[in-house]
Amino acid sequence: MSDLPSVAVGGSQGAAVGDYVQILKPRVMSLVVFTGLVGLVLAPGHLHPVLAAVAVLCIAVGAGASGAINMWYDRDIDAVMRRTMARPLPAGRMNPGEALGFGCVLAVWSVVIMGLAVNWVAAELLALTIAFYVFVYTIWLKRRTPQNIVIGGAAGAFPPLIGWAAVTGDIGWGGLALFAIIFFWTPPHFWALSLYRAGEYERAGVPMLPVVSGTRETKRQMLLYTLVLWPVTLAPWLLGIAGPAYAVCAAGLSLRFTGTAVQVWRDGTDRSARQMFQFSLLYLFLIFSLLLLDHVGGGRW
């Protein structure tokens with residue numbers, strides 16, 4: 001796949017259960033599941049609790065399948081990056097074929113069960129999400145363009161739209177608004193990480209924005225994306241699916257997120273970038289938590 005060092009394969013003992021869990025990227029999966037759940041709850045209409053649980057489970061399994069296939073394909077560059085070299089494949093605890101087969105089986109079954117149990121619109125969106133993450137982001141964009149995160153970030157933005165479609169059977173403006181929040185949040189989130197991991201990405205041959213365009217341009221674009229998030233996060237209120245209390249809190253969070261980008265712009269060290277990356281995770285979690293609280297409270301909280 002590349003000129004990077006070859007990667008050891010799993011030993012005769014085989015991979016442990018924990019290794020199979022790890023290639024599902026459980027930390028990423030948790031945020032995916034949460035945003036998918038919020039999309040499902042906010043959607044107009046009703047879905048039986050059992051079917052709702054099945055829909056969320058399928059979203060989780062589909063996300064895990066994408067992560068497993070991603071780790072299979074990226075095992076060569078994972079081996080030369082400090083934050084990923086301990087993963088099961090580059091560490092030699094799992095055979096590549098095991099990871100690929102595991103991911104493919106999970107992908108197929110998550111889509112089939114979503115279609116049979118919930119509806120085929122949600123299943124088609126789930127299939128599109130998995131295919132987009134694997135083929136568009138992992139295989140096509142990640143190693144070719146600094147826009148890998150911008151375009152590829154759409155894969156991580158689909159879960160709330162899938163949750164919405166699970167209830168309504170279609171794609172509504174509310175679901176698209178939730179999609180847009182994650183889509184525009186993704187670039188500043190990952191570029192903050194890439195600022196203090198730029199050396200690792202360069203060694204791995206991944207053209208992240210700081211590697212290709214430099215630190216200053218990356219910081220400029222991060223700041224611009226946080227400003228775009230202001231109207232984007234207010235869209236649920238403008239569309240009537242969230243109340244004014246959400247709008248006020250979302251505006252405050254967006255102001256704080258922009259503030260972290262300003263600190264990164266001014267700071268010549270990695271400290272502010274690390275802080276922005278950590279806050280970005282909290283930011284997205286709180287935005288979707290506010291949407292959930294607003295819905296549960298009927299806009300009166």
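Is phenylalanine 184 buried, exposed or partly exposed? Phenylalanine 184 counts as partly exposed, because its relative accessibility is 25%. Buried means under 20% relative accessible area, exposed means over 50%, and partly exposed lies in between (1.4 Å probe, protein chains only).

1. **The model.** This is a predicted model: local features need pLDDT of at least 70, side-chain atom pairs count only at pLDDT 80 or more, and totals for chains, interfaces and linings use all residues. Residues are numbered from 1 along each chain as its sequence is written, and side-chain values use heavy atoms, with hydrogens and water left out.

2. **Confidence.** pLDDT is the predictor's confidence in each residue, from 0 to 100. The protein chain has a mean pLDDT of 92. In 95% of its residues the value reaches 70 or more. Residues 1-12 fall below 50. That stretch still has 28 contacts in the model beyond near neighbours in sequence. A contact means heavy atoms within 4.5 Å.

3. **Aromatic pairs.** Rings of Phe, Tyr and Trp (its six-membered ring) pair if their centres lie within 6.5 Å; planes under 30 degrees apart count as stacked, over 60 as edge-to-face and the rest as tilted. The count by this rule is 14 aromatic pairs. Phenylalanine 183 and phenylalanine 184 form an edge-to-face pair, with 5.2 Å centre to centre and 90° between the planes. Both belong to one aromatic cluster, which also includes Phe132, Phe158, Phe179, Trp191 and Tyr225.

4. **A pair across the chain.** Tyrosine 196 and phenylalanine 277 also pair edge-to-face, at 6.4 Å centre to centre and 75° between the planes. Tyrosine 196 is in helix α9 (residues 173-196) and phenylalanine 277 in helix α14 (residues 271-296), 81 residues apart. Both residues are buried. Helices here are DSSP runs (H or I, at least four residues), as are strands (E, at least two), numbered from the N terminus.

5. **Helix α14.** The expected span of a helix is 1.5 Å times one less than its number of residues. For the 26 residues of α14 that gives 38 Å, and the end C-alpha atoms are 38 Å apart, which agrees. Glycine 298 follows α14, with a positive phi near 65°.

6. **Arginines.** A charge sits over a ring if NZ of Lys or CZ of Arg is within 6 Å of the ring centre and within 35 degrees of the ring normal. The charged end of arginine 216 sits over the ring of tryptophan 265, 3.7 Å from its centre. Arginine 256 lies over the face of phenylalanine 279, 5.4 Å from the ring centre. Arginine 197 is buried, with a relative accessible area of 16%. Arginine 197 touches Arg82 and Arg83, leaving aside residues up to four places away in sequence.
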